[in-house]
Amino acid sequence: MRPDFAAIQTGQRTYAAIVAEFDRNDLISLTQEYYAEIKGIVSGATDAAIVAIPIDPALKDQNEGEGAWTIGHIIAHLTATAEESAALASALARGADFADDLRLRADVAWETLQTAEQINARLAESQRICLAFLETWPDAPDLARTMTFIPRFGPMNAISRYMLGIFHADMHLDQLREIMRRMREQGKA
């Protein structure tokens with residue numbers, strides 16, 4: 001069962017209500033499912049597709065600010081977020097005491113992800129890291145310990161903090177699909 005993240009975005013359900021339906025075993029399954037889906041979306045991408053800057057009609061000016069993200073940029077971003085969520089969830093599950101604004105983010109420089117092989121390796125590595133953090137949870141995780149990272153989502157325990165990385169990855173799936181669609185149209189994937 002996948003979380004109904006769309007219900008959060010439409011205001012039908014709260015983040016807390018949705019993640020309350022999941023446990024550590026579900027997180028393992030969801031991690032495997034999401035990484036498999038991401039790998040499936042970018043499968044067939046050529047090296048040219050990985051570094052191509054897609055034209056994004058939603059952006060007013062492609063030359064203003066950061067512009068559209070490459071596949072490499074999206075993968076670096078979503079894997080860093082997933083790993084940070086996994087690391088913080090592990091600390092929460094073990095009852096560690098830390099400030100709500102603690103960041104444990106380690107970004108891979110997106111500019112270094114230039115080939116399909118590098119993307120696949122980054123995804124495999126990130127999946128391994130996230131699953132390894134779930135293995136650090138005690139048999140009886142401390143689910144009373146919380147942090148408030150996003151105030152509108154409320155206090156997050158280990159499960160909801162880990163799930164935030166999955167939620168974030170979910171928000172990038174359609175973006176990756178659209179980029180791959182455009183790359184196929186251009187003969188780059």
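Biologist: Leaving aside its neighbours within four places in sequence, which residues is S126 in contact with?

Modeller: Y35, T79 and E83. Contact means heavy atoms within 4.5 Å. This is a predicted model, where local features need pLDDT of at least 70 and side-chain atom pairs count only at pLDDT 80 or more, while totals for chains, interfaces and linings use all residues. Residues are numbered from 1 along each chain as its sequence is written, and side-chain values use heavy atoms, with hydrogens and water left out.

Biologist: Why does S126 count as buried?

Modeller: Buried means under 20% relative accessible area (exposed is over 50%, partly exposed in between; 1.4 Å probe, protein chains only). S126 has 0% relative accessibility, so it counts as buried. S126 sits in helix α6.

Biologist: What makes the S126–E83 pair a polar contact?

Modeller: The distance between their side chains is 2.8 Å. A polar contact is a pair of N or O atoms within 3.5 Å; within protein, one must be able to donate a hydrogen and the other to accept it, and residues adjacent in sequence count only if both atoms are side-chain atoms. The pair is therefore a polar contact.

Biologist: Why is α3 called a helix, and how does its reach compare with the expected span?

Modeller: Helices are DSSP runs of H or I with at least four residues, numbered from the N terminus (strands are E, at least two). Helix α3 covers residues 24–42, 19 residues in total. The expected span is 1.5 Å times one less than the number of residues. From first C-alpha to last, α3 reaches 27 Å, close to the 27 Å expected.

Biologist: Which helices do the buried residues of α3 pack against?

Modeller: α1, α5, α6 and α7. The buried residues of α3 include L27, Y34, Y35 and I38.

Biologist: What makes a space a cavity?

Modeller: On a 1 Å grid over the protein atoms alone, a cavity is a set of points where a 1.4 Å probe fits but cannot get out; lining residues have an atom within 4 Å of a point. The structure holds one cavity of 30 Å³ or more. Of the 13 residues lining the largest cavity, the closest to its centre are Y35, A82, C130, G165 and I166.

Technical notes
On a 1 Å grid over the protein atoms alone, a cavity is a set of points where a 1.4 Å probe fits but cannot get out, and a pocket is an open set with protein on both sides within 12 Å along at least five of seven lines; lining residues have an atom within 4 Å of a point. Grid points are joined across faces, edges and corners, and a volume is the space filled by probe spheres set on the points.
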